[in-house]
Amino acid sequence: MARLPKEVRSWIYDFFSKERSAAYLKIDARQCIEAKGGNLGYYGLLSLRTGEPVADQLEIMEGLLPCPELPFHLPMMELPGGRVADLHFFDDSGSVWLLFLDATPERDHQQRLQQKAYEMTLLQERERELNAKLQSTNEALRESQEGLSREYRRAESLLLNILPASIAERLKADEQIADNHAEVSVLFADIVGFTERARSVGAATTIAILNYFFRAADLLSEQYGCEKIKTIGDCVMAVAGLPVARSDHAQAIANYALELREAARRERFAGEALRLRIGIHSGPIVAGVIGKRRFVYDLWGDTVNLAARIQKAAEPDEIRISDATHQLLGPDFACEPLGETELRGTGLVRMWRLPA
Amino acid sequence: MLQKKICMLGGFAVGKTSLVRRFVQSIFSENYLTTVGVKIDKKSVAFPDKTVDLILWDLAGEDDIGSFRVSYVRGATGLVLVVDGTRPATLAVALTLRERVEAEFGAMPFVLLFNKSDLTDRWAIPDGEIDELKQRGWQIYLTSALSGEHVDDAFRQLASMVAK
């Protein structure tokens with residue numbers, strides 16, 4: 001660099017030493033203050049003593065010397081008195097010069113800018129954090145709403161499984177349900193020798209068999225437009241002609257009975273084919289829902305009682321039907337006559353057998 | 001006289017200045033005032049057999065590690081790494097700053113402070129992560145410059161490490 005004219009150098013010197021409150025220390029090889037001068041008072045450093053270790057008097061010097069990389073610059077150091085200085089270190093044959101140049105206004109200016117920038121960044125970070133939180137809260141809310149509506153659908157479908165759909169609807173509308181049905185066919189079916197065989201095969205197999213039987217009864221009832229009303233032990237009670245009346249209720253229940261028997265024959269129970277006793281009777285009944293918290297849709301009347309008695313009288317594998325049902329079935333079903341049989345509490349009853 | 005230079009390192013607004021103020025003057029201010037450059041404070045820590053004067057260099061925090069002036073750390077014998085427990089990204093900043101310093105001046109004792117432990121509902125550092133760091137044998141403290149919790153413990157621990 002070209003050497004500056006004396007006048008310029010002199011102006012720069014005056015400018016710097018005045019504008020930036022230049023002050024200096026000279027530190028010897030033993031790290032004691034060898035000389036001091038300039039505007040040390042501005043930095044609150046008037047009490048520094050020459051001939052004594054610098055680090056003991058000026059804490060910022062702790063560890064800094066000897067410095068292998070001179071010249072060395074520490075910008076914007078706030079000194080104990082509150083003034084801020086740029087510190088410049090440069091060597092001079094074993095001694096080190098330490099120059100103080102005021103940087104207080106510059107530091108304050110930078111601080112104002114930096115403060116704004118960091119505050120803005122912090123706000124943005126916080127906004128992102130809150131947005132993320134909001135999003136996850138929304139997500140959780142949506143999930144719990146979905147869970148709720150899943151539960152509702154499940155409850156509804158449970159209700160539908162327990163009760164015929166039209167009954168469930170009326171129940172939801174808070175209606176009292178007790179209906180007379182003039183013409184329905186009622187079926188009872190149970191498993192031959194269930195109690196004895198259950199004892200021999202154990203609980204798990206027994207449950208599996210019952211599950212198979214009741215599932216078949218459920219699935220077939222949908223297929224043939226019947227309603228499975230309930231199970232009692234190993235016995236299934238089903239009806240056709242309910243809750244919506246139909247003129248072919250006897251045909252529907254007969255087909256249902258035939259298929260149910262087939263389904264049973266395909267399964268084995270304790271080493272033998274699963275066999276059913278089935279009884280059917282047709283006539284008027286009363287149907288209704290009883291209970292307040294656990295709904296039970298049930299049927300009542302002589303028709304129901306007689307159907308149960310016919311079922312008890314049936315042989316293994318037999319579908320036994322009353323004369324009333326037989327008359328409704330007509331010629332499509334070639335039934336075998338069983339003559340009149342004495343049934344407990346009813347007297348002589350004419351019965352028929354559905355073909356095998 | 002046993003005098004040791006210690007540098008406060010960490011991202012911006014993690015609480016370096018507040019921790020020094022809490023430790024040296026036992027005060028806390030809610031106002032955030034960013035540090036530009038560096039400010040020096042001093043505090044004596046007394047042990048049964050000696051007293052250590054800690055010269056605390058409170059360095060400006062960074063959001064851009066590239067602008068960190070490693071030369072400030074020359075002569076330091078220990079580091080206080082400060083993380084904001086509500087801002088997980090500041091952990092990486094503190095660890096990167098330590099790497100920069102060690103690359104320049106070699107390994108030195110440090111304590112790692114997860115600060116703002118009073119802000120429990122915004123706390124964002126999983127316990128498992130802290131346990132994992134502890135398993136490296138690191139001295140870790142959950143501090144609050146607001147309440148003062150574990151602040152003295154952390155500085156005392158570092159003082160005993162650098163006084164050895």
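These legends go with a set of close-up views of a predicted two-chain model.

In this predicted model, local features need pLDDT of at least 70 and side-chain atom pairs count only at pLDDT 80 or more, while totals for chains, interfaces and linings use all residues. Residues are numbered from 1 along each chain as its sequence is written, and chains are lettered from A and ligands numbered from 1 in the order in which they are written.

View 1. Helices (H or I, at least four residues) and strands (E, at least two) are DSSP runs, numbered from the N terminus, and two strands pair if DSSP finds at least two bridges between them.

**View 2. Where the two chains meet.** Chain B brings 22 residues to the contact and chain A brings 25, with two residues in contact if their C-beta atoms, placed from the backbone, lie within 7 Å. On the side of chain B that touches chain A, β1 (2–10) and β2 (38–46) of chain B are the elements that give two or more residues. Of these, β2(B) supplies the largest share, four residues. That side of chain B splits into ten nonpolar, six polar and six charged residues; Ala, Val, Leu, Ile, Met, Phe, Trp, Tyr, Cys and Pro count as nonpolar, Asp, Glu, Lys and Arg as charged, and the others, Gly among them, as polar. Across the join, β3 (residues 72–78) of chain A pairs with β2(B) in the parallel sense over two bridges, and A:Met77 sits opposite B:Val38.

**View 3. Two crossing helices in chain B.** The axes of α1 (residues 16–25) and α4 (residues 151–162) of chain B come within 10 Å and cross at roughly 85°. So α1(B) is roughly perpendicular to α4(B), a label for angles of 65 to 115 degrees (under 35 is roughly parallel, over 145 roughly antiparallel, and the rest oblique). Axes are lines fitted to C-alpha atoms, for helices over the stretch in contact, and angles run from 0 to 180 degrees between N-to-C directions. B:Leu19, B:Arg22 and B:Phe23 from α1(B) meet B:Val151, B:Asp152 and B:Phe155 from α4(B). By class, the residues of this contact are four nonpolar, no polar and two charged.

View 4. β11 (residues 276–290) of chain A runs parallel to β13(A), joined by three bridges, with A:Ile278 partnering A:Ile319. Three bridges also join β13(A) to β15 (residues 347–353) of chain A, this time antiparallel, and A:Ile321 stands opposite A:Trp352.

**View 5. The nonpolar cores.** A nonpolar core is a set of buried Ala, Val, Leu, Ile, Met, Phe, Trp, Tyr and Cys residues joined through C-beta atoms within 7 Å. The largest one has 69 residues, and those with the most contacts inside it include B:Cys7, B:Trp57 and B:Val82. A second, separate core of 54 residues includes A:Ala198, A:Leu220, A:Ile229 and A:Ile280.

View 6. Most residues other than glycine have a negative phi, and most peptide bonds are trans. The A:Leu70 to A:Pro71 bond is cis, with omega near -5°, and A:Pro71 lies in the loop between α2 (54–57) and β3 of chain A. Another cis bond runs from A:Leu242 to A:Pro243, with omega near -20°. In chain B, B:Lys116 has a positive phi of about 70° although it is not a glycine; B:Lys116 counts as buried because it has 24 C-beta neighbours inside 10 Å. B:His150 also has a positive phi, near 60°, but counts as partly exposed, with 18 C-beta neighbours inside 10 Å.

Methods. A residue is buried if 20 or more other C-beta atoms lie within 10 Å of its own, exposed if 12 or fewer, and partly exposed in between; C-beta atoms are placed from the backbone.
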